[in-house]
Amino acid sequence: MSNIKNDLLLRTLRGEKTERVPVWMMRQAGRYLPEYMVLRGKYGFFERCQTPELAAAITLQPVDIIGVDAAILFSDILVVPQAMGLEVQMIESKGPVLPDPIKTLNDLNRIRVPNVDETLGYVFDAIKLIKQELNGRVPLIGFAGGPWTILCYMVQGKGSKTFDEAKAFCYMQPELAHQLLQMITDTTIAYLKGQVAAGADTVQIFDSWGGLLGPDDFENISLKYIRQIVAALKDDVPVIIFAKGAWHSLESMAAIGAAGLGIDWCITPQMARKFAGDNITLQGNFDPAKLFSPIPVIKKEVKQMLRAFGKGHHIANLGHGILPNVPVDHARAFVDTVKEESAKL
Ligand code: CP3
């Protein structure tokens, strides 16, 4: 029994039949919301992450304003490299910058698998506060980056379309790369277990750059480590894996005990279902840029998406994060259409 009033998301992850499809949006707490922009104007990015009252207020905004069926913790995947001892800056209009990236064994010796209560306790405090303020309205999703995606930033030192330096590091210094991946994995397991102990109802692993690896490398560099994380968490909470672009590995991802798999808009729900099998929940996969379409078009395309996934085993979401300039009423149209139309499936 759950003490959450709207537990559509959790029931869907357990494979139960529900009265309609649950809906939330990746990166739902963010720059398309004027209420977020007010807090963004007053406080720095990591200040917002590190102050439980601010993180809680931002986490609740899309629940209150848009009416999504789940809250996702306001934080960032890059708090993990920070906790491991790397400096991370978030630069306006540029994104993350890590001024001293990992390139050599000496660099690796500068970082550690930290005590997460000491370094990331502020996240656990935020989660406790969020759970209080949610008061059982909807479930809370915790999250972390996939180890490969975290390595991308720790080695490349900034965002990239190709993460070629991170890939070169893996291919030129495989031993070092696997040592780093294991350190990230150990940190992430302790971090996610801490999130669950603090009250997260489910966790999502964001492997945003999984699609940059071919199928064999995805197995060796990414999935091998995600598998350890899922194994460590799955008996406590349902785990969702979102490995953007890694559609070729949906079958192997489904085999490691995750409850849900996120998919982007470059694969049809039918194809994803064929690869992933019938017993797992799929999450996605509306093209985030399509939220710029006129509202009647959004409604039509959402209906099409719902029909393509069919009834059950589906969490409606975008295929990647919501974009900064999306009009709020378009985001709301997406959510409202899922609520109305999925009840008729
Ligand atoms: O989903 C949510 O609303 C929860 C909060 C959340 C943020 N980042 C807040 C954020 C989550 C789940 C993330 C995950 C994240 N962070 C990922 C994986 C998901 C994805 O989109 O692929 C990645 C790759 C990052 C790293 C990161 N953080 C980048 C590349 C950037 C800059 C570009 C961008 O998307 O804004 C950030 C900054 C960031 N993280 C912002 C927010 C709201 C914007 C910062 C601001 O200007 O306020």
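1. Phe 163 counts as buried because its relative accessibility is 0% (buried means under 20% relative accessible area, exposed over 50%, and partly exposed in between, with a 1.4 Å probe and protein chains only). Phe 163 also has a positive phi of about 45°, although it is not a glycine. You will find Phe 163 in the loop between α9 and α10 (helices are DSSP runs of H or I with at least four residues, strands are E runs of at least two, and both are numbered from the N terminus).

2. A word on the basis of these notes: the model is predicted, with local features needing pLDDT of at least 70 and side-chain atom pairs counting only at pLDDT 80 or more, while totals for chains, interfaces and linings use all residues. Residues are numbered from 1 along each chain as its sequence is written, and side-chain values use heavy atoms, with hydrogens and water left out.

3. Lys 158 is another residue to look at in the loop between α9 (147-156) and α10 (164-172). Lys 158 is partly exposed, because its relative accessible area is 39%. Along the sequence Lys 158 and Pro 96 are 62 residues apart, yet their C-alpha atoms are 5.7 Å apart in space.

4. Now to the ligand. Which residues come nearest to the ligand? Of the 22 residues around the ligand, they are Arg 27, Arg 31, Tyr 36, Ser 208 and His 320 (a residue is near if one of its heavy atoms lies within 4 Å). By class, the shell around the ligand holds 12 nonpolar, 5 polar and 5 charged residues (Ala, Val, Leu, Ile, Met, Phe, Trp, Tyr, Cys and Pro are nonpolar; Asp, Glu, Lys and Arg charged; the others, Gly among them, polar).

5. In the side chain of Tyr 36, an N or O atom is 2.5 Å from an oxygen atom of the ligand. For Ala 29 it is a polar backbone atom that is 2.9 Å from a ligand oxygen. A polar side-chain atom of Ser 208 lies 2.5 Å from an oxygen atom of the ligand. On its own the ligand has 860 Å² of accessible area, and the protein covers 88% of that.

6. Which elements give two or more residues to the shell around the ligand? They are α2 (34-42), α3 (45-50) and β3 (95-97).

7. Strand β8 (residues 281-286) includes Gln 283. Gln 283 counts as buried because it has 3% relative accessibility. The side chains of Gln 283 and Gln 204 are joined by a polar contact of 2.9 Å. Strand β8 also holds Asn 285, and the peptide bond that joins Gly 284 and Asn 285 is cis, with omega about -5°.

8. Is Asn 135 buried or exposed? Asn 135 is exposed, because its relative accessible area is 56%. Asn 135 sits in the loop between α8 (121-134) and β4 (140-145). The phi of Asn 135 is positive, about 50°, and Asn 135 is not a glycine.

9. Gly 214 belongs to the loop between β5 (202-207) and α12 (215-233). With a relative accessible area of 34%, Gly 214 is partly exposed. Gly 214 and Ser 342 are 128 residues apart along the chain, and 35 Å separates their C-alpha atoms.

10. Finally, helix α16 (residues 328-342) contains Val 338. Val 338 counts as buried because its relative accessibility is 0%. Between the C-alpha atoms of Val 338 and Ile 72 the separation is 18 Å, and these two residues are 266 residues apart along the chain.

Technical notes:
Polar contact = N/O pair within 3.5 Å; in protein donor to acceptor, adjacent residues only side chain to side chain. Areas by Shrake-Rupley, 256 points an atom, 1.4 Å probe, with all protein chains shown as cover.
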